[in-house]
Amino acid sequence: MPRILSQVLKNLLRKPATVKYPYVRVKPPKGYRGAPVIDKEKCIRCWLCIRACPDRAISVNKETKKPSIWHGRCTFCGECAEVCPTRAITMTEDFELATYDIQRARSE
Ligand code: SF4
Ligand code: SF4
């Protein structure tokens, strides 16, 4: 039997590698970079994250005077979390960020 046929038969008997998202959830792998979040309590306002962000997704919130991440601009590179001296920024596993609410996209 040609090799390709045996491969086809093998694949027919295998479970699919894909899942029926969003009905089936899969935990992101270790080290996955989802939405970054800032622990405002830990922030010392050094602004290193703003300087490091290649997408200019972080700005100073005029009310709180703390950094705020615009998730609509973020490309989840993780640079902000890397440079933060107090580890105030964490890359979460949250990747479901689509929203009709611009304030939610800007918040955090
Ligand atoms: S780098 Fe960290 S401590 Fe500095 S402003 Fe950003 S979140 Fe705050
Ligand atoms: S993860 Fe990258 S793009 Fe997103 S806010 Fe941090 S530095 Fe900017």
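Predicted model: local features only at pLDDT ≥ 70, side-chain atom pairs only at ≥ 80, totals over all residues.
A search of the whole structure finds two aromatic pairs. In one of them, the ring centres of tyrosine 21 and phenylalanine 95 lie 6.3 Å apart with the planes at 45 degrees, so the pair is classed as tilted. Tyrosine 21 belongs to the loop between H1 and S1, and phenylalanine 95 to the loop between S4 and helix H4 (102-106), so this pair ties together parts that are 74 residues apart in sequence. Tyrosine 21 is partly exposed, at a relative accessible area of 43%, and phenylalanine 95 is likewise partly exposed, at 40%.

Another pair is formed by tyrosine 32 and phenylalanine 95, whose ring centres are 6.1 Å apart and whose planes meet at 75 degrees; the angle is over 60 degrees, so the pair counts as edge-to-face. This pair also links distant parts of the chain, with tyrosine 32 in the loop between H1 and S1 and phenylalanine 95 in the loop between S4 and H4, 63 residues apart. For tyrosine 32 the relative accessible area is 31%, which places the residue in the partly exposed class. Through these ring pairs, Tyr21, Tyr32 and Phe95 are linked into a cluster.

The residues of the cluster also take part in a nonpolar surface patch of about 720 Å², made by Val19, Tyr21, Tyr23, Val24, Val26, Tyr32 and Phe95. Patch membership requires over 30% relative accessible area. The value of 31% for tyrosine 32 is therefore over that cut-off.

The largest nonpolar core has 13 residues, of which Cys49, Ile58, Cys80 and Ile89 touch the most other members. Helix H3 (79-83) and strand S4 (89-91) each contribute at least two residues to this core. Isoleucine 89 is in contact with Pro36, Val37, Ile38, Cys49, Cys80, Ala81 and Cys84, when its neighbours within four places in sequence are left aside. Two of these contacts, Cys49 and Cys80, are themselves listed with Ile89 among the core residues that touch the most other members.

Lysine 15 is located in the loop between H1 and S1, the loop that also holds tyrosine 21. With a relative accessible area of 76%, lysine 15 is exposed, whereas tyrosine 21 is partly exposed at 43%. The C-alpha atoms of lysine 15 and glutamate 79 are 38 Å apart in space, and the two residues are separated by 64 residues in sequence.

Definitions and conventions:
Residues numbered from 1 in each chain as written. Chains lettered and ligands numbered in written order. Heavy atoms only, no water. Patch = residues over 30% accessible without salt bridge, like charges linked within 9 Å, V, L, I, M, F, W, Y side chains within 5 Å. Areas by Shrake-Rupley, 256 points an atom, 1.4 Å probe, with all protein chains shown as cover. Salt bridge = Lys/Arg side-chain N within 4 Å of Asp/Glu carboxyl O. Helix = DSSP H or I, 4+ residues; strand = E, 2+ residues; numbered from the N terminus. Buried < 20%, exposed > 50% of the residue type's maximum accessible area, 1.4 Å probe, protein only. Core = buried A, V, L, I, M, F, W, Y, C linked by side-chain atoms within 4.5 Å. Contact = heavy atoms within 4.5 Å. Phe/Tyr/Trp six-rings, centres within 6.5 Å; stacked < 30°, edge-to-face > 60°.
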